[in-house]
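Please walk through this structure region by region, with attention to what each residue touches.

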Amino acid sequence: MAESEEELKSLLMRVKKESAKVGLKLNIKKTKIMASGPLNSWQIDGEEMEVVTDFIFLGSKITSDGDCSQEIKRRLLLGRKPMANLDNILKSRDITLPTKVRIVQAIVFPVAMYGCESWTIRKAERQRIEAFELWCWIRLLRVPWTARRSNRSVLEEINPDCSLEGQILKLKLKYFGHLMRRKDSLEKGLMLGKIEGNRRTE
């Protein structure tokens, strides 16, 4: 991650040089570059590098415009799989409702919340998160789609300690505090809006 093209080229050349010292080679074909501003082509050491508008980095989808909506949709979809895998457990009559709720919060919600510390949550995303949480509770309670039950009645029966959105907010605040305790860093500058553009590579 760098603040300018020159700095990024310098970092990449340094990585390439240090790698060569231990017999490793930087594969330019597998290296991608993403810029927050317009960038059509980019070369380093005479080799063309692929310029992308989004890519998966450490399990999260990052876009050049910083829009989190795609990643939030993706995480919520990924959260549906572990929920479906828990069907046999959630059907069991030997497990109490509070325990089932804790199982969902411990296994399903972390998948959906992965990387949420950096999300920008707008009204549309908030509604998606609320809908996903309600879908989980309805599936847990095995409420048929024909049943005329209000969302409030479902939440009252589940009685969670904290909503999914509330858990996300806690993680965001914890991460913000962690960044603010740093002296100077690119991430802190971006968080405070002191840096307008940056370059990222994978």
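Asp87 is in contact (heavy atoms within 4.5 Å) with Arg139 and Arg142, leaving aside its neighbours within four places in sequence. Asp87 itself sits in helix α3, residues 87-91; helices here are DSSP runs of H or I with at least four residues, strands are runs of E with at least two, and both are numbered from the N terminus. With a relative accessibility of 18%, Asp87 counts as buried, where buried means under 20% relative accessible area, exposed over 50% and partly exposed in between, using a 1.4 Å probe and protein chains only.

This is a predicted model, in which local features need pLDDT of at least 70 and side-chain atom pairs count only at pLDDT 80 or more, while totals for chains, interfaces and linings use all residues. Residues are numbered from 1 along each chain as its sequence is written, and side-chain values use heavy atoms, with hydrogens and water left out.

Two packed helices are described by the angle between their axes and the distance between the axes. Helix α2 (residues 69-85) packs on helix α6 (residues 123-141) at an angle of about 5°, and the axes are 10 Å apart. The axes are lines fitted to C-alpha atoms, for helices over the stretch in contact, and angles run from 0 to 180 degrees between N-to-C directions. The two helices α2 and α6 are therefore roughly parallel, a label for angles under 35 degrees; over 145 is roughly antiparallel, 65 to 115 roughly perpendicular and the rest oblique. On the α2 side the contact includes Ile72, Leu76 and Met83, and on the α6 side it includes Phe132, Cys136, Arg139 and Leu140.

Not counting residues up to four places away in sequence, Val104 touches Met83, Leu90, Phe109, Cys136, Trp137 and Leu140. Val104 is one of the buried residues of α4, along with Lys100, Val101, Ile103 and Gln105. These buried residues pack against α2, α3, α5, α6, α7 and α8.

Trp137 lies in α6 and counts as buried, at 0% relative accessibility. Among its contacts beyond four places in sequence are Val101, Val104, Gln105, Phe109, Val154, Leu155, Ile158 and Pro160.

Ser64 lies in the loop between β5 (60-63) and α2. At 23% relative accessibility, Ser64 is partly exposed. Ser64 is in contact with Met34, Ala35, Ser36 and Thr53, leaving aside neighbours within four places in sequence. Its C-alpha atom is 7.8 Å from that of Gly37, 27 residues apart along the chain.

How many disulfides does the rule give? The count is 0, a disulfide being a pair of cysteine sulfur atoms within 2.5 Å. For Cys116 the nearest cysteine sulfur is that of Cys68, 11 Å away. Cys116 is buried, with a relative accessible area of 0%.
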